[in-house]
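Dear colleague,

Please find below the structure that I am passing on to you. My notes on it follow.

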Amino acid sequence: MFKSKIAAKLAAYFALAILVFAFVMAFSFGHFFRESFIERQQRALSHRAASVAAIMGDNLERSRHREERRAEEKRNTPETPSGQQGKDHHNRSAASSGQESKTSGENADKAVNPGELLRSRRLIAYVNIITADDVWVAGKDGNIYIRTHLPEGDMKEVPQNFRGRVEEHKGPQGRDIPKVFEGTATVSSLPQVYRDMFRKGFKGEASVQEEFDKRINEMMVLATAPIYDKNGGVEGVLMLRVPVFGLRQSFREALEVFGGCLVLALVLALAVAWFLSNKFTKPLNKMKDTAEKLASGDYTARSYVQQKDEIGDLAETLDGMAGRLEEADRETKQTEKIRKEFIANISHELRTPVTVVRGSLEALRDKVVTDPADVERYHETMYDETLFLQRLINDLLDLSRLQNADFPIEKKPLNFCEVVQNAVRSARHLAREKNITVKCETDVPVYKMTGDYGRLNQMLMIFLDNAVKFSPENSSVEVKLANRRLTVTDHGPGIKPEDLLHVFDRFYKTRGEQNKSGSGLGLAISREIAERHAIAVSMKSEYGKGATAIMELPKPEEFSEAEMEGSV
């Protein structure tokens with residue numbers, strides 16, 4: 001179904017992470033939404049309770065003041081001058097006034113009871129209707145005046161220990177107002193939570209609490225505030241109750257909105273996750289395709305992925321490996337080409353002497369040649385060709401052995417200057433026939449290094465033999481060792497630029513007639529010997545002006561006298 005399995009897995013992982021995040025967010029949102037909602041209700045209700053209690057205390061004091069003023073006005077009413085009837089009326093008025101004044105004074109000194117708090121009944125009803133709060137006012141005698149909303153409008157919703165009636169009101173323009181229960185109860189008949197809150201209120205402490213009301217199956221928020229008189233005494237306690245109607249509905253609506261947003265976010269997140277997953281796996285797919293091409297033998301394939309991360313490092317490694325495979329493939333093809341050329345060359349090199357020997361033998365066997373001088377000449381020719389075959393075979397064996405890394409050579413501490421001087425002495429014998437002078441110059445008498453004396457002498461003799469072979473008569477060959485560099489220079493015809501690159505290849509022969517007896521393996525053998533001794537060899541030549549073989553020697557070593565003597 002999916003082209004990229006890893007992209008599908010990544011998208012699934014992203015989706016799972018988002019779902020876990022969503023469930024955690026939903027749970028956290030529900031918990032903190034509920035706590036925050038109820039906490040706001042508590043703060044608002046506590047503030048309203050304090051405000052209404054202050055207003056009720058002030059209203060109570062004004063009511064007392066009006067009563068006292070009325071009583072004072074009655075006492076100060078003047079006597080009517082109209083006979084006995086006026087006197088009798090005055091006496092009754094005075095008695096009544098005195099009695100009322102006495103009653104008023106007594107009432108002024110008494111504590112306020114719930115009946116007196118009914119003077120705030122209009123305020124209580126106003127608060128109850130406007131705020132939809134249940135209003136309970138308790139006096140010091142333990143009686144409570146109650147005004148409670150009835151959502152169902154039925155007395156069944158009122159506890160049995162409440163006494164009162166259900167009232168129905170009409171609002172402006174005849175609109176219905178929810179029914180309320182108006183009645184009384186006692187503090188001692190209330191649940192423990194209510195009793196504790198009222199006790200705190202009579203001590204002058206405001207409090208707020210929440211309670212689950214089973215009658216309406218809702219949370220109730222309760223707030224109490226003391227009602228003070230003008231002297232700071234507590235005359236009563238006001239309690240406001242409000243059901244947290246709509247909490248569940250609000251929570252449900254909030255969850256619906258949150259769920260809708262969550263679904264939308266999840267869809268968008270999955271789309272983004274799928275896009276990012278594909279973007280993430282795109283370089284992996286490129287590397288996979290590259291690996292498949294490499295496996296099929298196309299070593300030119302590259303991923304060309306450039307990223308500054310682990311995937312970029314992997315792609316760089318893969319492309320590097322592809323480059324090395326391509327190089328190895330080229331080397332393999334070049335080796336195969338060299339092998340074929342080697343077989344062709346050696347076949348050619350062997351064919352000529354074998355043909356000459358066979359032809360000479362056939363001529364001698366068939367008595368075609370009978371003259372003793374001719375027979376002697378044929379025998380000499382066969383002998384020379386046999387020597388050439390022997391030299392060719394020996395060179396092939398040497399080259400094969402030197403190219404084998406497991407083939408050991410006997411390395412010992414030696415003085416390379418002695419190797420050079422001995423090789424020069426041998427070359428001088430070869431140069432006598434052409435009257436060639438072989439000169440030798442070294443900047444140090446001793447150049448210590450570890451090597452195989454015989455192989456190093458063989459390497460130098462190859463270069464010196466070539467120098468003598470290609471030098472004209474009565475010329476010179478210079479051998480110079482200076483600054484860790486040994487050079488062998490001749491003054492022969494030189495080497496053409498196109499041939500200079502191949503002089504160390506096997507069976508590569510140049511310079512025409514002067515090299516017709518060579519096998520084409522000498523310089524290849526010298527290079528193998530040099531590499532075994534960490535010597536870098538090269539050839540420099542200007543065509544028509546001779547050639548120079550250059551050997552860059554390793555750094556001289558330090559040997560004790562005992563080591564040098566042991567090597568000798």
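What percentage of the 568 residues in the protein chain is buried? Buried residues, meaning those under 20% relative accessible area with a 1.4 Å probe and only protein chains counted, make up 37% of the chain.

Please note that this is a predicted model, in which local features need a pLDDT of at least 70 and side-chain atom pairs count only at pLDDT 80 or more, whereas totals for chains, interfaces and linings use all residues. Residues are numbered from 1 along each chain as its sequence is written, and side-chain values use heavy atoms, with hydrogens and water left out.

**Confidence.** The mean pLDDT (the predictor's confidence in each residue, from 0 to 100) of the protein chain is 76, and 76% of its residues reach 70 or more. Over residues 82-87 pLDDT stays under 50, and the model has two contacts (heavy atoms within 4.5 Å) for them beyond four places in sequence. Residues 89-115 also have pLDDT below 50; this stretch has 22 contacts in the model beyond near neighbours in sequence. Where pLDDT is low, the predicted coordinates should not be read in detail.

**Overall content.** The protein chain has 13 helices and 14 strands, taken as DSSP runs (H or I of at least four residues for helices, E of at least two for strands) and numbered from the N terminus. Of the contacts in the chain with a separation of 6 or more, 65% are between residues 24 or more positions apart. The accessible surface, by the Shrake-Rupley method with a 1.4 Å probe, comes to about 34,400 Å², and carbon and sulfur atoms account for 54% of it.

**An open sheet.** Five strands form an open sheet in the order β9-β11-β12-β14-β13, with mixed pairing; two strands pair if DSSP finds at least two bridges between them. At the edges stand β9 (437-442) and β13 (536-541), each with a single partner strand, so one side of each has no neighbour in the sheet. From one strand to the next, the twist averages 15°. The pairing of β9 with β11 (residues 476-482) is parallel and runs over six bridges. Glu-441 is placed opposite Lys-480 in β11.

**An aromatic pair.** One aromatic pair (ring centres within 6.5 Å, using the six-membered ring of Trp) is found in a search of the whole structure. The ring centres of Trp-136 and Tyr-194 are 5.4 Å apart and their planes are at 20°, so the pair is stacked, a term for planes under 30 degrees apart. Trp-136 lies in strand β1 (residues 134-139) and Tyr-194 in helix α5 (residues 192-202), 58 residues apart, so that the pair links distant parts of the chain. Both Trp-136 and Tyr-194 are buried.

Yours sincerely

Notes:
Axes fitted to C-alpha atoms, helices over the stretch in contact; angles between N-to-C directions. Buried < 20%, exposed > 50% of the residue type's maximum accessible area, 1.4 Å probe, protein only. Phe/Tyr/Trp six-rings, centres within 6.5 Å; stacked < 30°, edge-to-face > 60°.
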